[in-house]
Amino acid sequence: MRREEMNRDGKPHWMELNNLPARDPGDRTWLTKDMAALGKNVAGVKRLIGSQVKLVAMVKGRAYGLGDAPGIAKVALKHGADFLGVELMEEAVELRRAGLRAPILMVGPVGPNDAKTIVELGIEVTVRDHRTLQTIVDLSSSLERIATLQLEYETGLNRFGNTKLEVLSLARAINNSKWVELGGVWSHFISFESGDTQQSRSQYRTYSSLIEDLQRLGFSPGRRHMCNSGAILRYQDLHLDMVRCGKLIYGIVPAPDLIDVLPLEPVISWKTRIHWMRCVKQGDGVSYRSTWIAQKDTSIGIANVGFGDGYSSRLSSQSSVLIHGQYVPIVGQINMRAIMFDLSSVPHASIGDEVVMIGEQNGKAITINDIAMRANSVPAEFLLGIGTRVRRVTINQDAAPK
Ligand SMILES: Cc1ncc(COP(=O)(O)O)c(C=O)c1O
């Protein structure tokens, strides 16, 4: 069967339907994580903070959407991470079920119903109320197992953290029980990305005054920590006893002005293929509502991926993909499972060719920061939005311990 499909340079072009590459379902779209790159980034962060400072590798949110948090955690631990950081209890449980025995710091809220898991699995949770604390104390004493806990002091983000009075009162209760100990007191910067140094320094002063109060009362605060990725690079004098690091280990630069502070290896790429091609004539529209109109006869590539996979519709006519090492603009509205791109700059492109949505090709790159910014989002949000139907691929697995 032959079908007139294209009209490049005014000449008819025939696509041989019988000769098209067979469609492999696994080739629809895939998100790759490079474990060797991840290992190098972890080692780089560890070198920067020095051996005295503990490194928490944040693997929350299915390792920032990459999937296989236990696999990522193993590589991170092998390359210098001291702790694993999670938000939810089920994330901590997944790590323990995978056989990981490393210390786990849980930053999200917990309740009394979590006490059994906390004590049995030895998870260093951030406790924020007396009822939960008392339940943990009771269980620890009945199981005769000491639980190590953390406290969060709110210095301005006004999220889950406790006030000074609350922290002091929780610290007193911890100090009064032999079945729980204080592993650390932490806080979180508000604007590490924009580099509002004044605000961050003021938060640090507030935090320091709490630590002094704790010490004056004779309570050891345990490990002090405030820095996430942006702050690790920006405030190298504030690493304190521990840092909590997500973006950097995944190769994401936290802010443009920090790009040269620490060389990072790209860990993540997101790809698809040209699944179909067509030629549109000058004046033809592409996709819903014809928001893009061809200014000339144009060869259009179409990939079977879209906002249903997390490639935000806000990127419609706003972003590019890489094909044959060239930036190729997305045209028209992004569909649930279709993106369209103008192939004018890659005349030899054909069905089956690789399309890079995030990552590198022939020396050119589309970073997560680029794409998140164009989608009016932030890298972590964008990554977590990449759907579970996007196949996860691991490369350089050898970087992981056997
Ligand atoms: C409390 C806390 N600390 C640290 C991090 C890690 O942040 P980043 O990815 O910027 O390193 C997060 C992530 O959201 C967090 O919630």
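Me: In which sense do strand β3 and strand β12 pair, parallel or antiparallel?
Reply: This is a predicted model. In it, β3 covers residues 29-34 and β12 covers residues 268-273. The two strands share 5 bridges. Their pairing is antiparallel.

Me: Which residue in β12 is the bridge partner of W30?
Reply: β3 and β12 are paired strands. Within β12, the partner of W30 is K271.

Me: In which sense does β3 pair with strand β22, parallel or antiparallel?
Reply: β22 covers residues 391-395. It is joined to β3 over 5 bridges. D34 stands opposite I395 in β22. The sense of this pairing is parallel.

Me: What holds paired strands of a sheet together?
Reply: Strands in a sheet can pair parallel or antiparallel. In either case they pair through backbone hydrogen bonds.

Me: How many residues of strand β9 are buried?
Reply: β9 covers residues 180-186 and has 7 residues. A residue counts as buried if 20 or more other C-beta atoms lie within 10 Å of its own. The strand is mostly covered, with a buried count of 6.

Me: How many bridges join strand β8 to β9?
Reply: β8 covers residues 147-152. β8 and β9 run parallel. E152 stands opposite W186 in β9. The number of bridges is 6.

Me: Which residue in β16 does W276 stand opposite?
Reply: β16 covers residues 298-303. It pairs with β13 in the antiparallel sense over 5 bridges. Opposite W276 stands I302.

Me: Why are helices α1 and α3 called oblique to each other?
Reply: α1 covers residues 35-49, and α3 covers residues 69-78. Their axes come within 8 Å. Angles under 35 degrees count as roughly parallel, and 65 to 115 as roughly perpendicular. α1 and α3 are oblique because their axes cross at roughly 45°.

Me: Which residues in α3 do M35, L38, G39 and V42 meet?
Reply: These four residues belong to α1. α1 passes α3 in a right-handed crossing. On the α3 side, they meet I72, V75, A76 and K78.

Me: Is N158 buried or exposed?
Reply: N158 is in the loop between β8 and α7 (164-175). Its phi is positive, about 55°, although it is not a glycine. N158 has 8, so it counts as exposed.

Me: What is the phi of R289?
Reply: R289 lies in the loop between β14 (285-286) and β15 (292-293). It is exposed, with 8 other C-beta atoms within 10 Å. Most residues other than glycine have a negative phi. R289 is not a glycine, yet its phi is positive, at about 60°.

Me: What is the mean pLDDT of the chain?
Reply: Among the residues, 95% reach 70 or more. Over residues 7-14, the pLDDT is below 50. The mean for the chain is 94.

Note on methods:
Residues are numbered from 1 along each chain as its sequence is written. This is a predicted model: local features need pLDDT of at least 70, side-chain atom pairs count only at pLDDT 80 or more; totals for chains, interfaces and linings use all residues. pLDDT is the predictor's confidence in each residue, from 0 to 100. Two residues are in contact if their C-beta atoms, placed from the backbone, lie within 7 Å. Two strands pair if DSSP finds at least two bridges between them. Axes are lines fitted to C-alpha atoms, for helices over the stretch in contact, and angles run from 0 to 180 degrees between N-to-C directions. Angles under 35 degrees count as roughly parallel, over 145 as roughly antiparallel, 65 to 115 as roughly perpendicular and the rest as oblique. A crossing is left-handed if the near helix is turned anticlockwise from the far one by less than a right angle, and right-handed if clockwise. A residue is buried if 20 or more other C-beta atoms lie within 10 Å of its own, exposed if 12 or fewer, and partly exposed in between; C-beta atoms are placed from the backbone.
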